[in-house]
Amino acid sequence: MILLVIDIQKGITDERLYNFDSFIKNTVKIIETARQNHVEVIYVQHDDGPGTGFSVGDDEFEIAAQVTPMKDEKIYVKDMNSCFGNKELVSYLEEKNEDTLMIVGLQTNFCIDATIKSAFERGYKVIVPNGANSTFDNDYMDKETTYKYYNEMMWPERFADCISVEEAMEKIRRNEN
């Protein structure tokens, strides 16, 4: 199993997110449990491109302080929604030959959704801990409805196992799919 921590970056990690405090608390617990149980934690950052304010070198681009990577943890940069758009990450995951990815991060309806579906299409077993992804209001749905649409309707029994944080932590402890 590998834990992917996606796009928890300074520019989008704040109280505007659905259940912000719970999201941070749950995500930190999962990351800490992974580290304590020798499950690899990989970070991915989204780069919107030069001049956007959300690109390499910009403060908003940096990983949020609440989930700061350890010095030996890998960090990949992507410029599209799915993490699988980064060829180095894809190669690394293939080399590791792990069949399970646990996915946490931002935003539910963009990069998390795209990565979950891309992982599923590549044959990975995908685990999504409830409350460890989040998003903002959008033009079509408020943030709560958006979160619930993906976590309760779209992903379960299709693309991912959506389980409680406690179940996710237990799977990490047992390093179990």
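Visitor: What covers the buried residues of H4?

Guide: The cover includes helix H3 (108–121), strand E5 (125–129), E6 and strand E7 (161–163). Helices (H or I, at least four residues) and strands (E, at least two) are DSSP runs, numbered from the N terminus. This is a predicted model, in which local features need pLDDT of at least 70 and side-chain atom pairs count only at pLDDT 80 or more, while totals for chains, interfaces and linings use all residues. Residues are numbered from 1 along each chain as its sequence is written, and side-chain values use heavy atoms, with hydrogens and water left out.

Visitor: Which residues of H4 are buried?

Guide: Thr-146, Tyr-147, Tyr-150, Asn-151 and Met-154 are buried in H4. They cover an arc of only 125 degrees around the axis, so they lie on the same side of H4. The arc is taken from the directions from the helix axis to the C-beta atoms.

Visitor: What span should the 12 residues of H4 have?

Guide: At 1.5 Å a residue, H4 should span 16 Å, and its end C-alpha atoms are 15 Å apart, which agrees. The expected span is 1.5 Å times one less than the number of residues.

Visitor: Why is Thr-135 called buried?

Guide: Buried means under 20% relative accessible area, exposed over 50%, and partly exposed in between (1.4 Å probe, protein chains only). Thr-135 has 0% relative accessibility, so Thr-135 counts as buried. Thr-135 sits in the loop between strand E6 (133–134) and helix H4 (143–154). Not counting residues up to four places away in sequence, Thr-135 touches residues including Tyr-18, Gln-107, Thr-146 and Tyr-147; contact means heavy atoms within 4.5 Å.

Visitor: What makes the side chains of Thr-135 and Gln-107 a polar contact?

Guide: The pair is 3.2 Å apart. A polar contact is a pair of N or O atoms within 3.5 Å; within protein, one must be able to donate a hydrogen and the other to accept it, and residues adjacent in sequence count only if both atoms are side-chain atoms.

Visitor: How many disulfides are there?

Guide: The count is zero. A disulfide is a pair of cysteine sulfur atoms within 2.5 Å. For Cys-111, the nearest cysteine sulfur is that of Cys-83, 7.0 Å away, and Cys-111 is in no disulfide. Cys-162 is in no disulfide either, with the sulfur of Cys-83 nearest at 16 Å.

Visitor: Is Cys-111 buried or exposed?

Guide: The relative accessible area of Cys-111 is 5%, so Cys-111 is buried.
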